[in-house]
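Before you write up your own description, please read these points beside the model.

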Amino acid sequence: MKLFVSEGNPHCVKVLAGLEVTGVKCDVQLVSHEERVVPFLNRPVLPVLLLPSGQHLFSPNAICQYLFEVVGKEASDDGNQLLEWEATELQPAVLQALHMLMLQGKSGEAGTVLKGPLGWLEQYLSKRTTPFLTEETVAVADIVLWAALYPILSNSTFEAVVGELPSVRGWFKRVSQVPACEAAVQRVLQGKGLDALKNFLQKQPAPHIQRRDSPSSANATEMEDSELMMTEEEVEVAAQAWSKGLPDCSDSTQKKHPILPQEGKRNVLVTSALPYVNNVPHLGNIIGCVLSADVFARYGRLRGWNLLYVCGTDEYGTATENKAREEGLTPQEICDKYHAVHSSIYKWFQIDFDYFGRTTTEQQTEIAQDIFWRLHERGYLLEDVVEQLRCENCQRFLADRFVEGVCPHCKYPEARGDQCDKCGRLINAVELKEPQCKVCQQTPEIRSSKHLFLDLPKLEGELEQWLEKSMGSGDWTVNAKHITRSWLRDGLKPRCITRDLQWGTPVPHPDFSDKVFYVWFDAPIGYLSITANYTSEWEKWWKNPQQVELYNFMAKDNVPFHSVVFPCSLLGAQDNYTLVNNLVATEYLNYEDTKFSKSRGVGVFGDMAKDTGIPSDVWRFYLLYLRPEGQDSAFSWADMALKNNSELLNNLGNFINRAGMFVSKFFEGHVPEMVLQDEDKRLIAQVCWELKQYIQLLDKVRIRDALKCILNISRHGNQYIQVNEPWKKIKGGDDDRKRAGTVTGVSVNVACLLSAMLEPYMPTVSQTIRDQLQAPAHCARAMLYADRGFLCSLSAGHRIGTVSPLFQKLESEQIEALRKRFGGQQPDEETPTGKVPSSTVNSAQPKPPAAAAPAVNASVSAADPEKAKQLAAAVAKQVRTCAKCQIKNNPIIITIFPSTQ
Amino acid sequence: MALKELSSLEKCLGLKKPNKYSTQGERKVPVLQNNNGPALVGLVTIASHLVHEAKRTELLGNSAEQRAVVQQWLEYRITRLDNCSKEEVKVILKELNQYLEDKVYLAGNSFTLADTLMYYGIHHIIMNLAVQEKEKFLNVTRWFDHIQHYPGVRHHLAPVVVLRNRVYPSGQH
């Protein structure tokens, strides 16, 4: 055991006195203040006691407690309490006082700081009957408190300012007389008095004077909600702009198809990752791409942008073939069936696509083959031989999941083609011993076949240049930038773009006539071909980077295919393609502390949402409220009920309903005359400010944050009604009645603005509000268009319709039933103590749809075992990357390039 | 805040009869009124007292050394973590991350009161970390996830989602 101390460090007085008093044997080593004895602490901290176990004690109080325990004096509640008080109350005050006195020469203020703690101690001691703090003899608390107070009470400067403290001084004197204490002081201060501490104090960070008042990071967010300070001028400007009312613009909000880029307009093309056709999307998929893109598209249209939103189902690939075999249908029938399922789910969620297409079209073949030939002509494709397993009986190459055999590592007999379930190691299907086709149990053969690779390394320089420009000028989410950069940092490798399958876009090259394109190459081309199905003039969107701004929405697993791989295809094709300007990727949405799982029946899937009886708008609201922006979030039934009841019902719905009801009940359904007073103007300015925030946030695609602005406005509105009490004033005199009129009129206009702001989030509710208020059709667009701001859109005399409640309460029984039905986990609350903790957390991500299903391409030629080994390692790395992408459908093929390349 | 913590701790310890607490001062220091003696003041003091009452003293450490380590982290919690500034949060996470590198629990190989109170105190910080930061402070996140799933601990706090797969490549910190 070893004790490290430094000279002139007041904390060392504690431990040295403790050591002397207890007589514990221990080496003492003197080191400098800067010595970092404890490796894991950021700053050098002393004293430190190195325990026999090798652990470091760096808290002087814990060291003292330990020393006393070693000699059999255990901690008591009384002692503990004094030590805690010393650490939290006394010590900060003492350090601050010493800092003020020794370094700043402010003795008066130093005394003030100490008054509280010293007063408390005086009172404590005056009630004690023992000579020392807790007992008849010196205990740990005496040593700790005495040493803490030593620099203060031994200094005459403090005498005048801290005042008479008879009990404290009496006790202090008694402890000082203990020989151990005197020796400790001598050892630390070296007879130089308090000046010895100067050096130490200078090295310490300045104590926080405001420490107690400074908000902790926890309530910092609450602070943001607090009232906003606005100047008179700002308030006046907002009020004047409001009073002008709606402009007479009658520009139609009707969409005219086909939407094409227009000169002089902001032309925005929005895509959402293409959901894979044979999965029913779950809530995580929906919020991750289609819903997020829908909110942005609706917002863009309100802002008057010339916007096109396209999406569709991704239909080619092994997974579809397998599904078809399972259900006894053809792949095309499977696609037709599930495309309809997808369509109806998105329709229920009110996803307002301009066009929802699919990838199995002629246009897809045409465009994909065109891009292929352009890449081929420009020398961006490489040829190589890949080894694969082929089942002659089934007449097809086997995907990894369709091979089983003996694990080459652990001899487990039922290892899968991609991984062994027993030893967990990744396997290349061709390495399996005694491989078997899972469908027919026959032994497949190893066949080598020629494949084509996209030469990504050759395109790397051009890609980097473009990325720098796109990321610099557009809005890329942090995760999108990060994932892209890490891909580039690891270096790009050629990627296989062909496969031995039937269900896909045929490769047009005569040497590869029995092959199709790999989905990752094929699927993103779907964006182009789907647009081509929408309009024959699709090139005006896709070969027009000068006029078009492209937004891609997706979950983060899809980022590399949109930021690296697909752009490389387009850059290499050299046909003036529109490349992504803004890449918006969400994190993952989990389900009640676990992941969505179709096979286990956990989670809510798109087709079940409508069976819950909860309106589509409420689903949209809650999913957007917890949109995984910046970090993962989790869907929870209880929280959904809470947000519905508190935010929608009690806040938003309550405000809008009250505003409308007052007009109906007190003013016969006509908006009353409004004479603005300061208070009304202030509310208008506040609402304007929130509206501005909303626009700024949505321009940057901060969809979740912008939703909070809407809720803030209705909160302000509720407060405004509460303070002004129109329901009381309406019964008063003339002035009061006029006041009630103004408050009601302003409120109902705020409700009208809310309907506009709600349109992207809750389209049905938004429309219902406008219907109830009989608001002019163009008011939503008018207020969000350009920077017009909050306008009085329902002027005095306007007649409103019938007002009724917008939301319904979600009862806890109803929610509990839903939670049980959809398999949410029980919260941990009721778990009895003593059970083994579960360290395995079900935290894996939900499977998002893959627009471009990534595949790990690599293949091992048995000819060169050494090289194969190296590559296997590289592949293992790539596979890990791929595990993140959650796509396991594709076989892993390991490739070795001939040495000539 | 501290009061919620204490009532969760009572449940966690299996104490049947809930105590009544009040607070004092600006910092809202918890106070436990005691029938047979003066009131107890301070979070750590009261928490330790509850552990004794529940006859679960192993939660304060099994040896003098371990008891000292537990005390040290309890003190760290109330002096460093509580009311710390935004900049200080990063320092604390870094320190804990380094400390926890080779440890399962704060006091080594067994679960103690230090884990419970540190978990309660650090929850709001971890809750607000981005995925990337959670990966940066991997050891803290691992410890945190372990503690939040320890039977009976979580109670009043929302679960924080911790991913098992790394999303951001290593070498970023």
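1. The axes of helix H17 (residues 478-489) and helix H21 (residues 559-573) of chain A come within 9 Å and cross at roughly 50 degrees. Here an axis is a line fitted to C-alpha atoms, for helices over the stretch in contact, and angles run from 0 to 180 degrees between N-to-C directions. H17(A) and H21(A) are therefore oblique to each other, where angles under 35 degrees count as roughly parallel, over 145 as roughly antiparallel, 65 to 115 as roughly perpendicular and the rest as oblique.

2. On the side of H17(A), the contact (heavy atoms within 4.5 Å) is made by A:Ala480, A:Ile483, A:Thr484 and A:Trp487. H21(A) contributes A:Val559, A:Pro560, A:Ser563, A:Val564 and A:Val565. By class, this contact has seven nonpolar, two polar and no charged residues; Ala, Val, Leu, Ile, Met, Phe, Trp, Tyr, Cys and Pro count as nonpolar, Asp, Glu, Lys and Arg as charged, and the others, Gly among them, as polar.

3. A word on the source: this is a predicted model, in which local features need pLDDT of at least 70 and side-chain atom pairs count only at pLDDT 80 or more, while totals for chains, interfaces and linings use all residues. Residues are numbered from 1 along each chain as its sequence is written, chains are lettered from A in the order in which they are written, and side-chain values use heavy atoms, with hydrogens and water left out.

4. A second pair to compare is helix H25 (residues 678-699) and helix H28 (residues 734-758) of chain A, which pack at an angle of about 5 degrees with their axes 11 Å apart. That makes H25(A) roughly parallel to H28(A). Among the residues that meet are A:Leu683, A:Ile684 and A:Val687 in H25(A) and A:Val743, A:Val746 and A:Val750 in H28(A). The contact of H25(A) with H28(A) has ten nonpolar, one polar and three charged residues.

5. A polar atom of the side chain of A:Thr535 lies 2.9 Å from the backbone nitrogen of A:Glu537. Leaving aside neighbours within four places in sequence, A:Thr535 is in contact with A:Pro258 and A:Leu260.

6. In chain B, B:Arg27 lies in the loop between strand S1 (21-24) and strand S2 (29-32), and B:Arg27 is partly exposed, with a relative accessible area of 27%. B:Arg27 and B:Asp82 are 55 residues apart in sequence and 10.0 Å apart in space, C-alpha to C-alpha.

7. Nine of the eleven residues of helix H2 (residues 43-53) of chain B are buried, so H2(B) is largely enclosed by the rest of the structure. Just after H2(B), B:Lys55 takes a positive phi of about 55 degrees.

8. Lastly, the whole chains. Chain A has 32 helices and 20 strands, and chain B has seven helices and three strands, where helices (H or I, at least four residues) and strands (E, at least two) are DSSP runs, numbered from the N terminus. Buried residues make up 59% of the 901 residues in chain A and 61% of the 173 residues in chain B.

Conventions
A polar contact is a pair of N or O atoms within 3.5 Å; within protein, one must be able to donate a hydrogen and the other to accept it, and residues adjacent in sequence count only if both atoms are side-chain atoms. Buried means under 20% relative accessible area, exposed over 50%, partly exposed in between (1.4 Å probe, protein chains only).
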